[in-house]
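Dear colleague,

Please find below the structure I am handing over to you. My notes on it follow directly after.

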Amino acid sequence: MKYSFVIPVYNRPDEVDELLESLCSQEQRDFEAVVVEDGSSVPCEEVVKRYADKLDVHYFSKPNSGPGQTRNYGVERAKGDYVIILDSDVVVPPGYLAAVDAELTAAPCDAFGGPDRAHPSFTPMQKAINYAMTSFFTTGGIRGGKKKMDKFYPRSFNMGVRRDVYGALEGFSQMRFGEDIDFSTRLFKGGYKCRLFPEAWVWHKRRTDLRKFFKQVHNSGIARINLTKRHPGTLKLVHLLPAVFTAGCVLLIVLTLAALLLGCVHGLWCLAPLVLFALIIFLDAARAERSAKVGLLAVAAAYVQLTGYGSGFFRAWWRRCVLGQGEFEAFSKNFYK
């Protein structure tokens, strides 16, 4: 068998249903699906059973240990030459695996990843959050965009690895967030060949509201400091930009308030850079999604994405670099189950 899809899941049976349904439509059929329940209180076993006559699908359940260790559990039980890690909140188009197979046939590699997109059926908020996570103006294109400020690192929502390479790297680490970038960094450090497969994209639902989205990106900011501690020299300019943006927002708001308190109405001009950025995001997102509503929501999502990440970055810098706290003691309350 050539491919094994490994899908960790925590309390998301409906999403697993959609993902398995999309796997049934794959043009390339040489694969199995391995679903691993990570200590869910709302299991998806009955959902998986409904696909037993449509897919080569296997279901496992284990105590909660976080996504990285759950992926390792699944890979240990997979049979494919390549393991493809997917998040449970993605849906794959019919040509996904055919695109992967074509890329590997043309130029074999040890690991790969693909970008993500918003499906037309997604809510306006989901489309706005997708824009915030994929736009060059917010992430520098590092998640698979055509224009990018750093090389592409495969992420766990859509990542493929040769199973023997996965074993040689001993899988994902104990990190509870940022573990996919840690894995990708170790791939590059190990000298393995890793590529972006532009046509192997997935539809990615992501978070459904700004509060959950803030928590996600805040944890990503924390993860960046933890990754820098684990892998010195990997911190790049693109990783600093959200922190600079966050500090700039705070400074401009403070200057504006100070000017207004002193009776200077011209102090409102201090907010001009923030208004200009919002206008750029609105126009670009509205054009991309052909919706003024999505454009407006994208402005909020972009500010949440950048300030959430930036505040997490500063928080982790203070606790890890200034106070000297350890990776796990500093942020155990932030861990996802």
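Leaving aside its neighbours within four places in sequence, which residues is Arg 71 in contact with? In this predicted model, they are Val 6, Pro 8, Ile 85, Asp 87, Ser 156, Tyr 166, Phe 172 and Glu 179.

Arg 71 lies in helix α3 and counts as buried because its relative accessibility is 3%, where the cut-off for buried is under 20%. With Glu 179, Arg 71 forms a polar contact between side chains, at 2.8 Å.

Helix α3 spans residues 67–76, and its buried residues are Gly 68, Thr 70, Arg 71, Asn 72, Gly 74 and Val 75. These buried residues pack against the strands β1 (3–9), β2 (31–38), β3 (57–62) and β4 (82–86), and also against the helices α7 (163–168) and α8 (179–189).

Strand β1 deserves a separate paragraph. In a regular strand the side chains alternate between the two faces of the sheet. In β1 both faces are covered: Tyr 3, Phe 5, Ile 7 and Val 9 are buried on one side, and Ser 4, Val 6 and Pro 8 on the other. Thus 7 of the 7 residues of β1 are buried.

As to its pairing, β1 runs parallel to β2, to which 7 bridges join it, and β1 also pairs with β4 in the parallel sense, over 4 bridges. Val 6 has Val 34 as its bridge partner in β2, while in β4 Val 6 stands opposite Ile 85. Together with helix α1 (residues 13–24), β1 and β2 make a right-handed β-α-β unit.

With kind regards

Key:
Residues are numbered from 1 along each chain as its sequence is written. This is a predicted model: local features need pLDDT of at least 70, side-chain atom pairs count only at pLDDT 80 or more; totals for chains, interfaces and linings use all residues. Side-chain values use heavy atoms; hydrogens and water are left out. Buried means under 20% relative accessible area, exposed over 50%, partly exposed in between (1.4 Å probe, protein chains only). Helices (H or I, at least four residues) and strands (E, at least two) are DSSP runs, numbered from the N terminus. Contact means heavy atoms within 4.5 Å. Two strands pair if DSSP finds at least two bridges between them. A crossover is right-handed if, with the strands pointing away from the viewer, the path from the first strand over the helix to the second runs clockwise. A polar contact is a pair of N or O atoms within 3.5 Å; within protein, one must be able to donate a hydrogen and the other to accept it, and residues adjacent in sequence count only if both atoms are side-chain atoms.
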